[in-house]
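Thanks for making time this morning.

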Amino acid sequence: MKDYQDIVDKAKRIVVLTGAGMSTESGIPDFRSAGGIWTEDSSRMEAMSRDYFERYPRLFWPKFKELFQMKMSGRFEPNEGHVYLAELEKEGKQVDIFTQNIDGLHKKAGSRHVYELHGSIQTAACPACGASYDLSHLLKHDVPQCTAVKTDSEICSTVLKTDVVLFGDIVQHFDTLYEKLSQADLLLVIGTSLEVAPARFVPEEASRIPGMKQILINLEPTYCDDLFDLVIHRKIGEFAKELSDKK
Ligand code: NAD
């Protein structure tokens, strides 16, 4: 705990990389731990691809909604880990959070510089005309369609595409991540197995930056634990609570 605090106290610009483990203590299962949503049924992975959406847009939506518990998504609340990161920013540090999560909980906790690498569950867009729709529209219809009126006065009616990045889509904000990383003095990686590219390359990139410190907080070991200056195999919510109790 002291080693952790010493490194964080010295850091001025922190890049945080988070994954599904960040939100398990908010009640959202991760992908690969026992009981995670991919380990339960691997065919889900195929259905959550751009290719599947383009071929079967009407079949895609019920699967997507079931998988991401979309109807319930407003019910999840940030946990102590999310709150801790928001507090870190209030202490005057530059904290840029790059998250693989689509749950919106970092923003809900009050963090201001949040980059959603895998997009957001809150919105969708029309592949034909680009019109954007919010969660209330997506929840209203089993298969949400575009309601924009075309020039010939017909309704567009194209099935919307979620703004969640699907398998086969391009990950967002990665240029910004590398730019922020080059200016940072600490990389804090939390709750990710680091098995999904391109996030999995970030610790290696950071280890090439002179003076950069790296901390990993993850329940289970990852394939690259040895790249970090400090590795903490604990639950982030519990660890964050201990940190705040010590203050
Ligand atoms: P992952 O499931 O591959 O790995 C999660 C890691 O978090 C595991 O190594 C596990 O040991 C660790 N973990 C679980 N609970 C933890 C806790 N309380 N504290 C600390 N560590 C904990 O997830 P990933 O690396 O993020 O990558 C897979 C994909 O999961 C991403 O594409 C992401 O979009 C997606 N995803 C997001 C959500 C969400 O938005 N909350 C939920 C599930 C999956």
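**The ligand shell**

By class, the shell around the ligand is made up of 9 nonpolar, 12 polar and 7 charged residues, where Ala, Val, Leu, Ile, Met, Phe, Trp, Tyr, Cys and Pro count as nonpolar, Asp, Glu, Lys and Arg as charged, and the others, Gly among them, as polar. Please keep in mind that this is a predicted model, in which local features need pLDDT of at least 70 and side-chain atom pairs count only at pLDDT 80 or more, while totals for chains, interfaces and linings use all residues. Residues are numbered from 1 along each chain as its sequence is written, and side-chain values use heavy atoms, with hydrogens and water left out.

In total 28 residues surround the ligand, and the closest are F31, Q100, D103, T192 and S193; a residue counts here if one of its heavy atoms lies within 4 Å of the ligand.

Turning to polar contacts, meaning pairs of N or O atoms within 3.5 Å, a ligand oxygen lies 2.8 Å from a polar backbone atom of I102, and an oxygen atom of the ligand is 3.0 Å from an N or O atom in the side chain of E220. A nitrogen atom of the ligand, in turn, is 2.9 Å from a polar backbone atom of I236. Taken alone the ligand exposes 860 Å², of which the protein buries 96%, with accessible areas from the Shrake-Rupley method and a 1.4 Å probe.

Methods
A polar contact is a pair of N or O atoms within 3.5 Å; within protein, one must be able to donate a hydrogen and the other to accept it, and residues adjacent in sequence count only if both atoms are side-chain atoms.
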